[in-house]
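The sequence and structure are shown first.

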Amino acid sequence: MAAGGTALAGLVAFGLFSVGCSTGGTGTRDEGPAGSQPVAQITQQPSPSGTTPPVRRVDAVRLLKSDPKVGERVREGLKPCAGKAYPVDTSYGSMTGGRTADVVVNVMSCADSVSVGTYVYRADDDGSYKNVFAAEVPAVYGTIDRGDLVVTTQVYGSKDPLASPSGSEVVTYRWASDRFTEHDRVHNDFSRAVEGADGELPVQSEPVAPDPADEPAQPGRN
């Protein structure tokens, strides 16, 4: 009887094990893994920190007026267009790897809303801002694109109206060795089929760089 009882217990245990491992049911998986088996866990990876510098808002008009590298013509035209609104666009972004976001300032004329100057300011460790790029030519506009400075200048022929330039120059600058250097240049010729005549393309002026003694931008060709 003892032997029979032992055999019967073994058969019961085997039956329970077979039911737990059958493909038709969830079996022991409902109870979790065995204590000695590793538990698979999905851990959400934290996003990288410190890659995006904080944005510190600036008074762009005050920054321009206190900057000796801003041309006299632009400075004299820097006046409110209506009420207290100045014709100034300001963008913030990371281009130079500083602790604080860089500032791109575009100055436009009140009469025709055409940009007359583009400037980039980089924050120093003491909180002040330094002019690291300047372009003072008609119809120039600077933007930040994925860490690069992109400067677009409209190209006008001798008979082109203000609203219809002959083409454009799009120059991409990258920060290297404490200055912006040209990385890519694209020239676009616009169709003149509507006007019925091709305008003569003038020689494109290069942006005006700040004083070399202050390690300014070098927007000319490399």
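## Fold and packing

The secondary structure of the protein chain consists of three helices and eight strands. The model is a predicted one. Read from the N terminus, the elements follow the order α-α-α-β-β-β-β-β-β-β-β. Of contacts between residues at least 6 apart in sequence, 44% link residues at least 24 apart. Overall values for the protein chain are collected below.

| Property of the protein chain | Value |
|---|---|
| Share of buried residues among the 222 residues | 32% |
| Accessible surface | about 14200 Å² |
| Share of that surface belonging to carbon and sulfur atoms | 54% |

The largest nonpolar core comprises 17 residues, and those with the most contacts inside it are L64, V88, V105, V107, Y119, Y121 and Y129. Two or more residues of this core come from each of α2 (60-65), β2 (102-108), β3 (115-123) and β4 (129-135). The largest share, four residues, is supplied by α2. Not counting residues up to four places away in sequence, L64 touches V70, R75, L78, V88, V105, V107, Y119 and Y121. Another core, of 14 residues, lies apart from this one and has V132, F133, A135 and V151 among its members.

V103 belongs to strand β2. This residue counts as buried because its relative accessibility is 0%, the cut-off being under 20%. Beyond its neighbours within four places in sequence, V103 contacts V58, T90, S91, Y92, Y119, V120, Y121 and Y129.

How values were computed
Residues numbered from 1 in each chain as written. Predicted model: local features only at pLDDT ≥ 70, side-chain atom pairs only at ≥ 80, totals over all residues. Heavy atoms only, no water. Core = buried A, V, L, I, M, F, W, Y, C linked by side-chain atoms within 4.5 Å. Buried < 20%, exposed > 50% of the residue type's maximum accessible area, 1.4 Å probe, protein only. Contact = heavy atoms within 4.5 Å. Areas by Shrake-Rupley, 256 points an atom, 1.4 Å probe, with all protein chains shown as cover.
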